[in-house]
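Here are some brief notes on the model. They cover annotated segments first, then charged side-chain pairs.

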Amino acid sequence: MAAAASSSMAATAVLIPRVPTAVGTTRCYALPLLPSRVSTASFSSSVKLIPESRRFSLLQTKASEETTSVDAGELITDLKEKWDKIENKSTVLLYGGGAIVAVWLSAILVGAINSVPLLPKIMELVGLGYTGWFVYRYLLFKSSRKELATDIEALKKKISGME
């Protein structure tokens, strides 16, 4: 408690301007002086340069007519209908539980990696290197971007079961 009080007193002591001991023109301040403020006359003249109709048009906002309110009862009934349509409920629960466990284990793994002193920086370098390789391999040239797009579309079809 005493250490906290002494550190807070030290922090406040820095903010108080020092009083000169000798009578003279030298002044010492703990904080630097701020630049002078812009006069209100120059500010108001710059505002007057914009026509009044344009000034108000910049401030106007338009509300969309679409309502995106979500009814909780409607959401629950929709989820119940989708749940009733599923044939293998145990498989869905197993995959969902597995996903939660995988996220939990990956969080533990990342925490363990972060506790090793040099390893997080090495992993950042590996990530930067892989990102650079990915950009060079797939994003830099037009033909490789097309190749990436076709690979993504093939993966989408494979996941959705259309292939």
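1. Helices (H or I, at least four residues) and strands (E, at least two) are taken as DSSP runs, numbered from the N terminus. This is a predicted model, where local features need pLDDT of at least 70, side-chain atom pairs count only at pLDDT 80 or more, and totals for chains, interfaces and linings use all residues. Residues are numbered from 1 along each chain as its sequence is written, and side-chain values use heavy atoms, with hydrogens and water left out.

2. The unreviewed UniProt entry annotates residues 92–116 and 122–140 as "transmembrane region". Positions follow the numbering used here, feature names are shortened, and such annotations may be inferred rather than shown by experiment. Residues 92–116 are 96% helix and 0% strand, with 37 Å between the end C-alpha atoms. Residues 122–140 are 95% helix and 0% strand; there the end C-alpha atoms lie 25 Å apart.

3. How many salt bridges are there, counting a side-chain nitrogen of Lys or Arg within 4 Å of a carboxyl oxygen of Asp or Glu? The count is two.

4. E147 and R137 form a salt bridge through their side chains, at 3.1 Å from N to O. E147 sits in helix 7 (residues 142–160) and R137 in helix 6 (residues 119–139), so the pair ties together parts 10 residues apart in sequence. E147 is partly exposed at 31% relative accessible area (buried is under 20%, exposed over 50%, partly exposed in between; 1.4 Å probe, protein chains only). R137 is partly exposed, at 31%.

5. K156 and E153 also meet in a salt bridge, at 3.5 Å from N to O. These two residues are three apart in helix 7, about one helical turn. K156 is partly exposed at 48% relative accessibility. E153 is partly exposed at 40%.
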